[in-house]
Amino acid sequence: MSTFQSSTYEPVIGLEIHAQLQTDSKIFASDPVRFGQDANTLISPITLGHPGTLPHLNKKAVEFAIKMGFALGSEIARWQNFDRKNYFYPDLPKGYQITQDKTPICIGGSIQVHLAEGLKVLPFHHIHLEEDAGKSLHEGDNPFSFIDYNRAGTPLIEMVTEPAIHSAEEAFAMVSEVRKLVRYLGICDGNMEEGSLRADVNISLRPKGTFTLGTKVEIKNMNSLRNIQRAIEYECRRQEEALLKGEKLIQETRTFDAHTGKTHSMRVKETMNDYRYFPEPDLAPLEISEKWLAEIREMMPTLPWEQENKFIEQYQLPAYDAHFLAETREMALYFESVTSHTEAYKAVANWLMGPVKSHLNDKGLSIADFEMDAKHLAEIVDLVEKGTITHNLAVHQLFELCLATPAKKPSQIIDEQGWLNQDTKDELPAFVEAALAAYPDKIKEYHQGKKGLIALFIGEVMKRSKGTADPKRVNQLVSEALQQHK
């Protein structure tokens with residue numbers, strides 16, 4: 001939720017979202033793309049720009065960029081050139097970056113985001129292909145910087161939004177949706193901590209009711225959703241304070257300090273002329289055929305919002321459930337795998353949002369790592385739905401045993417435990433009386449106002465029934481018994 005509120009100024013925010021493409025090799029060389037390898041082990045003369053070397057375009061990188069364009073509803077440019085963006089920095093081995101300046105691969109497009117006040121469509125200006133730079137490493141108090149060129153040449157798409165974002169909440173939601181989308185498409189792992197997905201944030205303020213953009217400040221290399229929000233909030237307050245004092249803002253590049261929550265000036269922002277763009281002479285123009293576009297369109301997976309709508313329309317799930325299940329492609333596929341063995345769709349959703357989610361959170365796992373076969377979870381759901389076992393028994397005992405012994409079917413575990421057709425209805429009154437007799441002092445406290453103690457007695461009854469009793473029936477009997485023991 002955005003906290004910046006101003007009666008005078010309106011924030012205008014644009015994002016440049018960089019996504020490293022999950023190709024096996026770099027965009028213009030055969031060097032492998034891997035994270036976490038020893039420094040300077042994934043390089044070659046082409047990556048380092050040695051004299052006499054020539055770049056060769058990676059076809060898969062182009063395909064991935066087109067997939068993103070299709071997903072956003074962009075226009076795909078049929079004819080493109082690559083350009084050299086010239087600047088000198090230690091982590092840029094060639095002294096220039098190969099990018100697309102005048103002819104980006106994707107033009108326009110938009111994405112729908114979920115906000116507190118509802119859905120909003122946010123537009124993109126374009127998407128272009130380019131190569132990533134290396135990394136400068138600053139270790140502890142060492143006065144020297146080190147350079148790792150492993151990342152140099154990694155294929156990137158840079159997704160440039162229109163300046164149509166007006167709060168930190170909207171920026172957070174947009175980057176979240178982009179991360180979800182690139183994962184669905186299988187073109188980027190979306191790992192912000194490793195830098196696979198990161199964003200530059202452009203922020204300016206303008207008087208409310210006006211349309212002229214203010215002086216833009218860029219915050220570089222944001223690799224955390226939370227920090228994107230924090231940086232925008234701080235920068236909006238900083239700019240407003242300066243403007244209210246009559247100070248003149250300068251166009252500059254700033255960095256965000258996650259420890260202090262403040263931005264700090266890095267350098268005065270370069271203009272486009274400073275980069276001295278010119279066409280890349282070593283790469284031929286790229287022509288995209290209609291046949292290739294048709295082939296790529298055929299490979300497009302179901303997109304997050306399509307998956308969400310499918311869950312609502314085909315499976316009759318509530319919007320909240322559908323949004324949760326469609327959050328990752330892996331969760332959506334697991335849900336559909338489970339429901340191929342049962343028609344209790346809502347019950348499956350409840351299990352995934354409840355016990356399964358709790359288990360994954362406790363173990364630090366994703367649904368892709370979930371130990372239980374989809375068919376086994378479907379069997380548990382059906383056993384509960386048919387009344388063979390109670391939900392309480394299924395959640396607290398059967399589920400855990402199934403996870404511990406994944407090779408066994410749930411029905412086999414029920415037979416081994418002697419739970420099948422175990423009926424404790426006739427024994428429940430005795431269990432209730434025994435539970436109350438064990439805690440006479442708690443009965444007094446209950447009638448003195450500590451109504452939460454009913455959970456103690458219910459728990460004691462469930463223990464005596466070995467988890468097979470119906471919790472609703474137990475609740476009813478305990479409540480009645482407590483009224484009789486005043």
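Reader: Which residues does Met 68 touch, not counting residues up to four places away in sequence?
Author: Welcome! This is a predicted model, where local features need pLDDT of at least 70, side-chain atom pairs count only at pLDDT 80 or more, and totals for chains, interfaces and linings use all residues. Residues are numbered from 1 along each chain as its sequence is written, and side-chain values use heavy atoms, with hydrogens and water left out. Contact means heavy atoms within 4.5 Å. On that basis Met 68 touches Ile 127, Ile 157, Met 159, Val 178, Leu 181, Val 182, Leu 185 and Ile 187.

Reader: How many residues does the largest nonpolar core have?
Author: A nonpolar core is a set of buried Ala, Val, Leu, Ile, Met, Phe, Trp, Tyr and Cys residues joined through side-chain atoms within 4.5 Å. Buried means under 20% relative accessible area, exposed over 50%, and partly exposed in between, with a 1.4 Å probe and protein chains only. Ile 66, Met 68, Leu 129 and Ile 157 have the most contacts inside the largest core, and its size is 67 residues.

Reader: Which residues does the second, separate core include?
Author: This core has 43 residues. Included in it are Phe 324, Met 331, Ile 367 and Ile 380.

Reader: How many disulfides does the structure hold?
Author: A disulfide is a pair of cysteine sulfur atoms within 2.5 Å. Cys 188 is buried at 1% relative accessibility, but its sulfur is too far for a bond because the closest cysteine sulfur, in Cys 106, is 15 Å away. Cys 236 is also buried, at 2%. For the structure, the number of disulfides is zero.

Reader: What angle lies between the planes of Phe 311 and Phe 335?
Author: Rings of Phe, Tyr and Trp (its six-membered ring) pair if their centres lie within 6.5 Å; planes under 30 degrees apart count as stacked, over 60 as edge-to-face and the rest as tilted. The count comes to 10 aromatic pairs. In one of them, edge-to-face Phe 311 and Tyr 315 have centres 5.8 Å apart and planes at 65°, and both residues are buried. Phe 311 also pairs edge-to-face with Phe 335, at 5.0 Å centre to centre and an angle of 75°.
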